[in-house]
Amino acid sequence: MRDILISLRRTVLLLGSILVLQGTWAEESSHTIEELEELEELWRKELSKNYGPKARRGLVRVLWLRASMEQSSLQFEESLDYFRKAHEFTINAEFPPPDLADFLEAFSEALEKVFLFDEAEKILLQSISQRRQAEAAIAETDPSRIEPWVTKKSLTSGDLGGWDKNGDGQLSRDEKEDARAGARKDLSVGEMALGSLYVTTGRYEEAGRIFHALLGQTGEDHDTSSMVHGKLGRYFAVMGSYAKAAGHYEEARRHALSAGYPEQDPIVIDLTGEIGRVLANNGARDHELARAYLEEAITLSRKLNPSWENKSRLSTHSSNLAQLELAAGNNEQARNIFREILDVYRERFGEDSGYLALHYANLGSADRDLGNYEEALASYRRAADLYRASVGTRYRPYVIAENDYLEIRLRSGASTEETAAQTRELTAQALLLFDDIIAFGTERERLNWLRENQLLNLPCSLGNDPSFIANTILRTKARIIDSLLSEQQDSARNPERARLRESFERKQRELDHLRFRYEDEDKVSAARGELTALEASLRNTRAGTSTTTVATTWREIQETLPPHSAFVDYVRYSDLNKPEPGNLSYGALLILPEGEPHWIPLGTDRELAIWLSAMKNRLNYRSYLLSTGKTASPPALRMNAALRRLYDLFWAPVAARMPEGTETVGVSPDARLNFVSFAVLLDEKERFLSEKYRQLVYYASARDLLVEQDRPSLRGGPWSLVAVPEFEAHEGVSDAEKESTDVLSRVVMETIEGLADIPGVRQELNLLRKIMPRHREGSFSINSSEQEVRRLSDSPVVLHLATHAFLLPPADQTTSAELQDFNQAPDHFYRSGLVLTEAKKAHAARARGSPSPLTGTECSSRTRCRICLCTRPVWSPSPPATPGWENPSAVMASLGCAGDSPSLEVLPSSSASGPSRMTAPPPS
């Protein structure tokens, strides 16, 4: 059994993919090829005389050994041929279910090695069926009814042994418990193999459900626990959740050592290398630790016997270390390593083997960074072709290789028309994967996937197909919000799922807070284990929930637009026509009631940051003057200059495409553009946009226009007016309390301490009170506290909120080019919130165990409204946004508003009675 388990582990670990080269499911054989050929001939002669089960089992045994011998020599096609011959003789051969399952698992692995995944799945499912039969037979309560094969040890001789300690063909109670545990473990092996196959073929939801379910069944079995954690490590690495992957690989290594494997064992060495690999992918801050793990794996690999298997192991860890050299700018050194490893594999397997795909992709990356675009193109093309032929287009590395190839084509000035056609094909394939991934997993897993899959870079950089860009935006933008809201609605109809979601979110916050406080690693590990168990339960209850796949087109959006209206869909993308870094840019997709859409390139993210900073500085200056009555030196740039420049960069090019007479405009910002209040931008005539247009409506995405709801008028229900004109003074804490407060709380306090009172809020709310409808459920709250907002539970038609908000910078100030795993950086989920009257007590309150400021994640289950009405940018300087959503609905979602798909309106201060949707203007 141990040999089987070792083989299964190796199937996962080598190369971090299923493209592996070693492992055999048959027992070690001392026979030579000549002896096996002679035995095969003898058994065939026996079959010609008596075509009975025993003769067939004997021939299967010989053919199986021969197949294993060919496989160990890396002759995969020849190995499969022997497995197929053996498989023909298993029919009606009266194999005991466990033995037949062993053979079928080995047969399935042989099929995987030549990339016949559909057939491999079919055979593996048959194996699992045999395992379940075995488990069911052992579960019989009457020892006299235990199947005879339970006591058999040998496939060919039928001698009793193994579990049968007494030799009487019966099992004692203890023996039976041992047998049941062994059968369950064998079944887990088959299920893990099936999960690994699903990871390879892009069936990620099924794979995740299998691995999480198995983790809950391992109990105190360190060996099986190690294997399952290793599987989950690979699964989360493919999903882009590298911190989570590293955690599972570390658990796998710990369990392996507890099971008795020494540090020099190949299993432990591979787990050590896998930890280094995923840490290397997790950004620069983990590179030093990643290097230490990889160097240890390389050192230990060199001490193993010089078999091909161990040479391959050494090459794998060396290749992963070369990725770190590439990240460090040692491009030539990395390239030499990649080329050397590629040559070794090419010589061993031939030019057309799928095992070469990964190494071609690595070489392409090195040549790209060296500026050798022609060589990089050739390597990426070869990698993509090999992936497509061996694994298919649903395999994530294929999508990455194909995308890299097309990006290099664009940068090198190749045919735009041909590149555009290939981009459309690739995007269609990538969107199928995106649809699947976005429909399951935790919020953080979806954000990790989205972070690494920028599907709009190529279409927007080409810019020659606005219709294609529009449809791609519709398939991608704000999809995480949609999927999470869909699950919330499902949970509302399923009390058990609602309970699990609440428990999961509570445990996630507990784990995050442990990490903020740098608590003992044992506490963190225990909380992580409980969170994984809850995730497994959630995955199992998710089966059958509604899908979030969308097939909306821009023409459907156009049909919703009334006359004299326009919809502007902004998107941030990396412009591949510009050199890195600094190529992060914005574009707008303009949809009008008639005609084709327009794609409009706009300013860069750097320009936006500069002018937003100027606007923020001026706002802070004016707020200080109004709230204190004191004088201060003004910032160098005036507000008018910032508003005009933002207009020129991000609105004027769009306005130039709008027809005369446009009165109603829907806007869906993206990323940092959410911090721009379009209503107060100044045009060339020094007019606010809110004066130029009758109505500006914000949307999460254009899909919101298709939501059919019977929306009330502004006077059709209660309003809630919440405002905080003045803030309480900061409450001091003792030195001991300061020491016990976590870093995040201290950063929050440093951020909000300087926020002044908001002048004019009382006057604004008094005006709103005059026009708000009389309704018994309406509310009016001045100087609201966190507790009051936490208690909000009704669903007003209009929510008006006037207060400060905070949005902290990332704790480590990482650049946008670095990977940032959301599991590794929970501060992203707590770095935004509302600053209410009690906020300045937060430092002391947190130290004493009381609630902290109201964060975006805490707001997510609060009041829902149908319209969020703002007469000015009340969330300045920045909105309480859940990270990664990055659009105006983030403001509403963090307040729980998005549950009813509301619109967010910015109205001119002279009017507070506009419609809640984009509608045609009234008759003149």
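The charged end of R381 sits over the ring of Y405, 4.5 Å from its centre. That wording applies if NZ of Lys or CZ of Arg is within 6 Å of the ring centre and within 35 degrees of the ring normal. This is a predicted model, where local features need pLDDT of at least 70 and side-chain atom pairs count only at pLDDT 80 or more, while totals for chains, interfaces and linings use all residues. Residues are numbered from 1 along each chain as its sequence is written, and side-chain values use heavy atoms, with hydrogens and water left out.

**Exercise 1. Classify the ring pair F211 and Y235, and say which helices it ties together.**

Step 1: Grab the rule. Rings of Phe, Tyr and Trp (its six-membered ring) pair if their centres lie within 6.5 Å; planes under 30 degrees apart are stacked, over 60 edge-to-face, and the rest tilted. The count by this rule is 23 aromatic pairs.

Step 2: Apply it. The centres of F211 and Y235 are 6.4 Å apart and the planes are at 75°, so this pair is edge-to-face.

Step 3: F211 belongs to helix α8 (residues 204-215) and Y235 to helix α9 (residues 222-238), so the pair ties together parts 24 residues apart in sequence. Helices here are DSSP runs (H or I, at least four residues; strands are E, at least two), numbered from the N terminus.

Step 4: Check burial (buried is under 20% relative accessible area, exposed over 50%, partly exposed in between, with a 1.4 Å probe and protein chains only). F211 comes out at 1% and counts as buried; Y235 is buried too, at 0%.

**Exercise 2. Describe the surroundings of W308.**

Step 1: Find its partner. W308 and F349 make an edge-to-face pair, 6.1 Å centre to centre with 65° between the planes.

Step 2: W308 is in helix α13 (residues 308-327) and F349 in helix α14 (residues 331-349), so the pair ties together parts 41 residues apart in sequence. Both residues are buried.

Step 3: Look wider. Ring pairs link W308 and F349 into a cluster with F76, F115, F117, Y345 and Y355. R348 lies over the face of W308, 4.7 Å from the ring centre.
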